[in-house]
Amino acid sequence: MGEVFINRHPLVQHKITRLRDRTTGTNEFRKLVEEIGMLMGYEALSDLATENIDVETPLEITPSPVIAGRKLAIVPILRAGLGMVSGILALVPTAKVGHIGLYRDPETHDPVEYYCKLPTPIEERTIVVTDPMLATGGSACGALNLIKQHGGRKIKFMCIIAAPEGLERLKKEHPDVQIYVGHLDRQLNESAYILPGLGDAGDRIFGTK
């Protein structure tokens, strides 16, 4: 594990361009985040384990694959990570959903935890952590630390936009986690926002300032 997957699919890149546009309204922005979550989830979940069960077709009984064992856990980092959940749930409706609440201290830019609720038994599940923006990597690393403290082992992290600084930190601190990135942007600015980025994803998903 520990691989980084940068998405090159034209549909994902087209939708990210629409996200970047400052004139894209809340409703369209929310739908685009959901759609990108689904498209990226399709790729990220390609290694889910399966097992065969017997299915009776109109013509005969045949062995056919289903997802094996404990199923998926989706864990969004609040708030913005919520926007990607429905897209992944469309692929795996039986997935359980946890929540991790972190906010970035405006002075230190370090993550501060305020909520953590994970599906059990978390150690038996494939876990997909979602957050549209990977900036400094502080929130992502904080969330992954929490999940591991609760026993999570097989973890994937999915973001739409990443800064090189955050990606390098995440790779260094969690080399066992697969990382899925929609687009790798240029850099962080002095306020730790991604450039060129798309602004504050949470505000744009939920229509707040």
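Q: UniProt positions follow the numbering used here, and an annotation may be inferred rather than shown by experiment; with that in mind, where does UniProt place the feature "binding site" in this predicted model?
A: The unreviewed UniProt entry places the feature "binding site" at Ile194, Gly199, Asp200 and Ala201. In the model, the lining of the largest pocket takes in Ile194, Gly199, Asp200 and Ala201 from this set.

Q: What makes these residues part of the lining of the largest pocket?
A: A lining residue must have an atom within 4 Å of a point of the pocket, and Ile194, Gly199, Asp200 and Ala201 belong to the lining, so each of them has an atom within that distance.

Q: Why is isoleucine 194 called buried, and what does it touch?
A: The cut-off for buried is a relative accessible area under 20%; isoleucine 194 has 8%, and is therefore buried. Isoleucine 194 is found in strand β13, residues 194-195. Leaving aside residues up to four places away in sequence, isoleucine 194 touches Met133, Leu134, Ala135, Ile161, Ala162, Ala163, Asp185, Gln187 and Leu188.

Q: How much space lies in the largest pocket, and which residues are the closest to its centre?
A: The largest pocket holds about 770 Å³ of space. Of the 34 residues that line this pocket, Arg104, Met133, Ser139, Tyr193 and Asp200 are the closest to its centre. The elements giving two or more residues to its lining are β4 (72-78), β6 (99-104), β9 (133-134), α4 (138-149), β13 and α6.

Q: How does the lining of the largest pocket divide by residue class?
A: The lining divides into 19 nonpolar, ten polar and five charged residues. Tyr counts as nonpolar and Gly as polar under the classes used.

Q: Which residues line the second largest pocket, and how do they divide by class?
A: The second largest pocket, with about 150 Å³ of space, is lined by Thr24, Gly25, Thr26, Phe29, Asp203, Arg204, Gly207, Thr208 and Lys209. The elements α2 (26-44) and α6 give two or more residues to this lining, which by class has one nonpolar, five polar and three charged residues.

Q: What makes β4 and β6 a pair of strands?
A: Pairing needs at least two bridges, and two bridges join β4 to β6, so these parallel strands meet the criterion. The bridge partner of leucine 78 in β6 is glycine 101. Six bridges join β6 to strand β7, residues 111-117, and these strands run antiparallel; in β7, proline 111 is the bridge partner of arginine 104.

Q: Which peptide bonds are cis, and what are their omega values?
A: A cis peptide bond with omega of about 0° joins leucine 78 and arginine 79, and arginine 79 lies in the loop between β4 and α3 (82-91). The bond from threonine 120 to proline 121 is also cis, with omega near -5°; proline 121 is in the loop between β7 and β8 (126-130).

Q: What is the phi of alanine 192, and why is this residue called buried?
A: Although not a glycine, alanine 192 has a positive phi of about 65°. Alanine 192 is found in the loop between β12 (187-188) and β13, and is called buried because its relative accessible area of 7% is under 20%.

How values were computed. Residues numbered from 1 in each chain as written. Predicted model: local features only at pLDDT ≥ 70, side-chain atom pairs only at ≥ 80, totals over all residues. Heavy atoms only, no water. UniProt positions renumbered as here; feature names shortened; annotations may be inferred. 1 Å grid on protein atoms, 1.4 Å probe; cavity = no way out; pocket = protein on both sides within 12 Å on 5 of 7 lines; lining within 4 Å. Helix = DSSP H or I, 4+ residues; strand = E, 2+ residues; numbered from the N terminus. Buried < 20%, exposed > 50% of the residue type's maximum accessible area, 1.4 Å probe, protein only. Contact = heavy atoms within 4.5 Å. Points joined across faces, edges and corners; volume = space filled by probe spheres on them.
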